[in-house]
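User: Can you walk me through some charged side chains in this one? I'm new to this.

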Amino acid sequence: MQPPQGPYQQNADSSYYPPQQPAQPQWTQMPLPNQGPSGQMPGQVPPPAQMTPPPGQQIPYQGNQPMAGFAAPGNPYQNPYQNPYQNPQQMPPQPQMYQQPHPQQGGYQTPKTGMPRPKQKKKKGGYIILALVVVALAAFIVLRMIAPGQTAYGYVQSGSLSARYTGDAVVVRNETVFAQDGVSQIEYEADEGAQVKRGANVATIYTSGFSAKEWTTLDNYRNQIKEYHKVLISEAASDTKLISLMSKVRERALEAQKLVQGAKGSLGNQEALLAAAMQDQRIYMKQKYPDDQKLSRLYDDENNQMQRISTWTKQYAAPADGLVSFYTDGFETALNMTTYESYSPTQMRSIYNGTVPDTGATVSRNSVPIYRLVRQEPWVVLMLCNELEWTPVTGRSYKLLIESFDNTIVDATVESFTRSGGELLVRLRIEETSALSNVLYIRSCKVQLGESVNTLMVPSRAIYIQEGRKGVVMTTEGGEYWTGVEVISDDGTVAYVIPENPGVLYEGIRVRLF
């Protein structure tokens, strides 16, 4: 076996060791104050070695020296015979060997060996772990949805729901128009807009053929009777009963005159009282003077003329309690409480624009409306809503504002609705009969429908339909119970509801989600 070529030498045991370095000068490290035997403070990194030269010698140039406790590798190319105390600037150039960097000059650096570095593989473990976490989370969600016994719950909260809707509207009342053919003259006995009782006289009409001359003839007979009464009264000045009856007639006449001049009261009632007082006086005069031929003839002439006039006269009395008006608009027959549900949204738009529906009924050209009677019963407003996306809730109550000279606000209930032809027709029923006098002359108008309701809020998934009814399933200590609710609004996330039994469902109750 040939020994390797190089600075190594073979020992007696055939092992190879590096050649021995020449002896270096030995320097003594001086300990610092308050240091241990090892020359360092406890818990501190040892400082660089401090050497003291022998007497008469100088410290040679050392360059970057390793810290105490770190031995620099030997320099195999150093000349063993070189003077270690010579000036480093006079030293021949030496090959650059590895030196341990000082801690304050930077970290450890790998020496350049000239060998190519091996390629580092990219770490894919992080991506794999992230993918596993995502898969596990998705599996957990799926199991929560399909696994038996994994039930989700929500809680009932209090809420308030407000809404406002506008549109065009038509007012429908329970009203009847009374008409007469061949009317020559009308005498109104009730005041316009007055509330009348059943059987009360409303108007008297005179048919064709009646002339004002008939009234003139009657007035002449009555004036003759009046003048003759004065003669008889003057002859019977001591008749106290006759004097009392005459005073009664004068009082009634004065009261009627005050009403004509603007005093408060019913002129029709006062005229009736005056006529009764005059009739009592006539009856008494007939009884007192039965044999007076002139007086008897005047009474007969008056009676015959009145019978003649009655052949052209017709009295109209109120068939029921209600409000009386002598103004009509032509819609009363076609649009009333028995026909309003049959009209579509398109037809109602035409009515709102002023077109009277054709009912097919034949109306005489000579027919004259006498008056209309508005019964004080529930009435209807047909609203063409501007908010086409709104879905009204049947039976729900709202505040209805009817715009007019005097705005009227009433409580209205959704009776039904129809959506067709690009229109939404909402039928609103009003029970307040006291407001009829405010809308007595209104047919078409603008309206506003407002709602502000205190409700309960539940998750939309809590709504559960049972036997065609909507409700929620409450979770209590005693078990789970279903209770009905009215859904006011549901946007797919939160549902605003009103419980059918307010004492059962309230804020804070836990409900099951489906």
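User: Leaving aside neighbours within four places in sequence, what is Glu175 in contact with?
Analyst: Glu175 is in contact with Glu332, Arg372, Leu373, Val374 and Arg443, where contact means heavy atoms within 4.5 Å. This is a predicted model, where local features need pLDDT of at least 70, side-chain atom pairs count only at pLDDT 80 or more, and totals for chains, interfaces and linings use all residues. Residues are numbered from 1 along each chain as its sequence is written, and side-chain values use heavy atoms, with hydrogens and water left out.

User: Is Glu175 buried or exposed?
Analyst: Glu175 is buried, because its relative accessible area is 5%; buried means under 20%, exposed over 50%, and partly exposed in between (1.4 Å probe, protein chains only).

User: Which residue does Arg372 form a salt bridge with?
Analyst: Arg372 pairs with Glu175, with the closest N and O atoms 2.8 Å apart. A salt bridge is a side-chain nitrogen of Lys or Arg within 4 Å of a carboxyl oxygen of Asp or Glu. Arg372 is in strand β13 and Glu175 in strand β7, 197 residues apart; strands are DSSP runs of E, at least two residues, numbered from the N terminus.

User: Which residues are in the salt-bridge network?
Analyst: The network links Arg173, Glu175, Asp329, Arg372 and Arg443. Within it, Arg173 and Glu175 meet at 3.2 Å, N to O.

User: New topic. What does Lys399 pair with?
Analyst: Lys399 forms a salt bridge with Asp411 at 2.6 Å, N to O. Lys399 counts as partly exposed because its relative accessibility is 48%.

How values were computed
Helix = DSSP H or I, 4+ residues; strand = E, 2+ residues; numbered from the N terminus.
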